[in-house]
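Thanks for making the time, everyone.

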Amino acid sequence: MFERSGEPLLSRRAFFLRWFRFALAAGGIMGLSLAVGILGYHGLAGLGWVDSLLEAAMILGGMGPVHELEGTRAKLFAAAYALFAGVIFLVAAGVFFAPVVHRLLHHFHLDVEES
C-alpha cells in the first residue's frame, strides 16, 4: 500500500490522491459510527431524529452528552456508545494521518532497528 524505504518519494499529486482516499475512509468510519449512534439514541432513548443526530455527534466529537436520558437501556447504550466513540475517533484520526506520517518518515528515511 505504501512505498518501501528503497523506493522514491511519491509525487505530490499521487500523495494528495492517496491522502484523499484515506480521508474518505476516515470519513466513512466516522459516518458509520454516527449512524450507529443516531439509530441507538432514536431507538433506545426515544429521542427524535435531529436530537439523536445531535447527541451522537456530540459524543463522537468528544463534547459530551446534551440530553438527560431516562431508562436503563438508554443509559447503558449511552455508556457503551461513549466508549465506542472514543476508540473510533482515535482510529479515524490514525487512518486520516497515516499517509502524512508515512511520508514524513519515508522522507527522512527513518529506520527502526529491531530489538
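Before I give any angle, let me say that axes here are lines fitted to C-alpha atoms, for helices over the stretch in contact, and that angles run from 0 to 180 degrees between N-to-C directions. Please also keep in mind that this is a predicted model.

I start with helix H2, residues 49-60, and helix H3, residues 72-107, which pack at an angle of about 55 degrees with their axes 8 Å apart, and H2 and H3 are therefore oblique to each other. On the H2 side the contact involves Ala-56, Ile-59 and Leu-60, and these meet Tyr-81, Ala-82, Ala-85, Ile-88 and Phe-89 in H3. Sorted by class, the residues of this contact of H2 with H3 are eight nonpolar, with no polar and no charged ones.

Turning to helix H1, residues 12-44, its axis and that of H3 come within 9 Å and cross at roughly 180 degrees, which makes H1 roughly antiparallel to H3. The contact of H1 with H3 has 26 nonpolar, five polar and four charged residues.

That leaves H1 and H2, which pack at an angle of about 130 degrees with axes 8 Å apart, so that H1 is oblique to H2. The crossing of H1 and H2 is right-handed, and its contact includes, among others, Met-30, Leu-34 and Ile-38 of H1 together with Trp-49, Leu-53 and Glu-55 of H2. The residues of the contact of H1 with H2 divide into eleven nonpolar, four polar and one charged.

Definitions and conventions:
Residues are numbered from 1 along each chain as its sequence is written. This is a predicted model: local features need pLDDT of at least 70, side-chain atom pairs count only at pLDDT 80 or more; totals for chains, interfaces and linings use all residues. Side-chain values use heavy atoms; hydrogens and water are left out. Helices (H or I, at least four residues) and strands (E, at least two) are DSSP runs, numbered from the N terminus. Angles under 35 degrees count as roughly parallel, over 145 as roughly antiparallel, 65 to 115 as roughly perpendicular and the rest as oblique. Contact means heavy atoms within 4.5 Å. Ala, Val, Leu, Ile, Met, Phe, Trp, Tyr, Cys and Pro count as nonpolar, Asp, Glu, Lys and Arg as charged, and the others, Gly among them, as polar. A crossing is left-handed if the near helix is turned anticlockwise from the far one by less than a right angle, and right-handed if clockwise.
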